[in-house]
Amino acid sequence: MLNNLEKLRKERGVTLVDIADLLHVRYQAVSDKISGDSDFKFKEAVMIQQNFFPEFDLVYLFSPEDNKQPA
């Protein structure tokens with residue numbers, strides 16, 4: 001599971017539908033990717049980071065474990 005992305009998504013009120021609309025995919029596809037059942041494409045990860053979490057590093061957001069944000 002992408003714990004950092006999921007935590008920030010919930011804290012900021014970004015819904016799975018918001019991400020799905022951005023990526024032009026089904027909401028279930030986003031859920032599967034966050035839970036680790038499938039992977040985000042690099043372009044999708046960049047779009048999510050730039051549109052919803054621009055102040056966070058891609059490695060931090062898409063790490064499968066809880067990691068500290070690099071300084």
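Visitor: How many aromatic pairs are there?
Guide: The count comes to three aromatic pairs. Keep in mind as we go that this is a predicted model.

Visitor: How are the rings of Phe52 and Phe53 arranged?
Guide: Their centres are 6.2 Å apart and the planes sit at 50°.

Visitor: What about Phe56 and Tyr60, which kind of pair do they form?
Guide: Phe56 and Tyr60 are stacked, with 5.6 Å from centre to centre and 20° between the planes. Both Phe56 and Tyr60 are buried.

Visitor: Changing topic: which residues touch the most other members of the largest nonpolar core?
Guide: Those are Leu5, Phe40, Ile48, Phe53, Leu61 and Phe62, out of 19 residues in that core. Two or more residues come from each of α1 (3-12), α2 (16-23), α3 (27-35), α4 (42-52) and α5 (58-61).

Visitor: Which of them gives the largest share?
Guide: That would be α2, with five residues. As a general point, nonpolar side chains tend to be buried together in soluble globular proteins.

Visitor: Let's pick Leu5. Where does it lie?
Guide: Leu5 is in helix α1, and it is buried, with a relative accessible area of 0%. Leaving out residues up to four places away in sequence, Leu5 touches Ile34, Phe40, Ile48, Phe53, Leu61 and Phe62.

Visitor: How far apart are the C-alpha atoms of Leu5 and Gln49?
Guide: They are separated by 9.3 Å, while the two residues are 44 residues apart along the chain.

Visitor: Back to Ile48, then. What is it in contact with?
Guide: Setting aside neighbours within four places in sequence, Ile48 is in contact with Leu5, Ile19, Leu22, Leu23, Phe40, Phe53 and Phe62.

Visitor: One last thing: how do α2 and α4 cross?
Guide: Their axes come within 10 Å and cross at roughly 120°, which means α2 is oblique to α4. The crossing is right-handed.

Visitor: And which residues make that contact?
Guide: From α2 there are Asp18, Ile19, Leu22 and Leu23, and from α4 there are Glu44, Met47, Ile48, Asn51 and Phe52.

Notes:
Residues are numbered from 1 along each chain as its sequence is written. This is a predicted model: local features need pLDDT of at least 70, side-chain atom pairs count only at pLDDT 80 or more; totals for chains, interfaces and linings use all residues. Side-chain values use heavy atoms; hydrogens and water are left out. A nonpolar core is a set of buried Ala, Val, Leu, Ile, Met, Phe, Trp, Tyr and Cys residues joined through side-chain atoms within 4.5 Å. Buried means under 20% relative accessible area, exposed over 50%, partly exposed in between (1.4 Å probe, protein chains only). Helices (H or I, at least four residues) and strands (E, at least two) are DSSP runs, numbered from the N terminus. Contact means heavy atoms within 4.5 Å. Rings of Phe, Tyr and Trp (its six-membered ring) pair if their centres lie within 6.5 Å; planes under 30 degrees apart count as stacked, over 60 as edge-to-face and the rest as tilted. Axes are lines fitted to C-alpha atoms, for helices over the stretch in contact, and angles run from 0 to 180 degrees between N-to-C directions. Angles under 35 degrees count as roughly parallel, over 145 as roughly antiparallel, 65 to 115 as roughly perpendicular and the rest as oblique. A crossing is left-handed if the near helix is turned anticlockwise from the far one by less than a right angle, and right-handed if clockwise.
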